[in-house]
Amino acid sequence: MSAPIAIVAAVVRDADGRVLLVRKHGTAAFLQPGGKREAGEGDIAALARELGEELGCGIVAGSARPVGAFSAPAANEAGREVVAHVYAVRLDGTPVASAEIAELAWVDPAAPGDLVLAPLTRDGILPALAGEGAMAR
């Protein structure tokens with residue numbers, strides 16, 4: 001069995017407590033923005049780089065708070081597991097779909113609607129957030 005895919009992911013909330021999700025080009029599932037660390041890169045540095053690439057935004061200094069570690073089947077790599085270290089952050093700038101991101105969506109974590117969600121988002125992250133109110137505003 002192959003090693004899990006290790007990533008960092010962001011929970012970004014708006015003033016109404018909705019959570020930002022992204023969908024990559026050529027995929028159906030929405031998930032948290034973020035991605036894989038580069039060699040020698042810490043979690044927050046990797047997350048800042050990924051959010052810059054994917055959303056054109058930075059992270060407000062000092063805003064990153066750990067949410068937890070979650071694992072689930074990978075949405076876009078059949079037969080693989082993804083393990084995510086998730087951080088609530090505030091963005092510096094307005095998110096815009098960039099690079100590999102095709103679409104953005106703001107969802108209520110308790111009622112995300114009929115979007116196709118990645119297993120990690122659907123079964124781990126959103127349920128953990130649903131009762132927390134407006135964190136990381």
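Student: Which residue does V11 stand opposite in β7?

Tutor: V11 stands opposite A88 there. This is a predicted model, in which local features need a pLDDT of at least 70 and side-chain atom pairs count only at 80 or more, while totals for chains, interfaces and linings use all residues. Residues are numbered from 1 along each chain as its sequence is written, and side-chain values use heavy atoms, with hydrogens and water left out.

Student: How many bridges join β1 to β7, and are the strands parallel or antiparallel?

Tutor: There are seven bridges between β1 (residues 5-11) and β7 (residues 81-88), and the two strands run parallel. Strands (E, at least two residues) and helices (H or I, at least four) are DSSP runs numbered from the N terminus, and two strands count as paired if DSSP finds at least two bridges between them.

Student: What sheet do they belong to, and in what order do its strands come?

Tutor: It is an open sheet of four strands in the order β4-β1-β7-β6, with mixed pairing. β4 (34-35) and β6 (65-73) are at its edges with a single partner strand each, so one side of each has no neighbour in the sheet. Helix α1, residues 43-55, packs on this sheet and touches β1, β4 and β7, where contact means heavy atoms within 4.5 Å. Helix α2, residues 119-129, lies across β1, β6 and β7.

Student: OK, other sheet now. What is the order of the three strands?

Tutor: The order is β3-β2-β9, again in an open sheet, and the pairing is antiparallel. Here β3 (30-31) and β9 (101-107) form the edges, and because each has a single partner strand, one side of each is left without a neighbour in the sheet. Two bridges pair β2 (residues 19-24) with β3, and in β3 the residue opposite V22 is L31. Helix α2 packs on this sheet too, touching β2, β3 and β9.

Student: How many residues lie between β2 and β3 in their hairpin?

Tutor: Five residues lie between them, and in the turn G26 has a positive phi of about 75°. R23 stands opposite F30 in β3. On the β9 side, β2 is joined by six bridges, and the partner of L20 there is W106.

Student: Why is β2 largely enclosed by the rest of the structure?

Tutor: Five of its six residues are buried, so β2 is largely enclosed; buried means under 20% relative accessible area, exposed means over 50% and partly exposed lies in between, using a 1.4 Å probe and protein chains only.

Student: Which residues of α2 are buried?

Tutor: They are P119, L120, T121, G124, I125, L126 and L129, and they pack against β1, β2, β3, β6, β7 and β9.

Student: New topic: which residues have the most contacts inside the largest nonpolar core?

Tutor: V86, L120 and I125 have the most, in a core of 21 residues. The elements giving two or more residues to this core are β1, β2, β6, β7, β9 and α2. Such a core is a set of buried Ala, Val, Leu, Ile, Met, Phe, Trp, Tyr and Cys residues joined through side-chain atoms within 4.5 Å.

Student: What is V86 in contact with?

Tutor: Leaving aside neighbours within four places in sequence, V86 contacts A9, V11, R65, P66, V67, G68, F70 and I125. Apart from this core lies another, of 18 residues, among them A10, V22, L55 and C57.

Definitions and conventions
Axes are lines fitted to C-alpha atoms, for helices over the stretch in contact, and angles run from 0 to 180 degrees between N-to-C directions.
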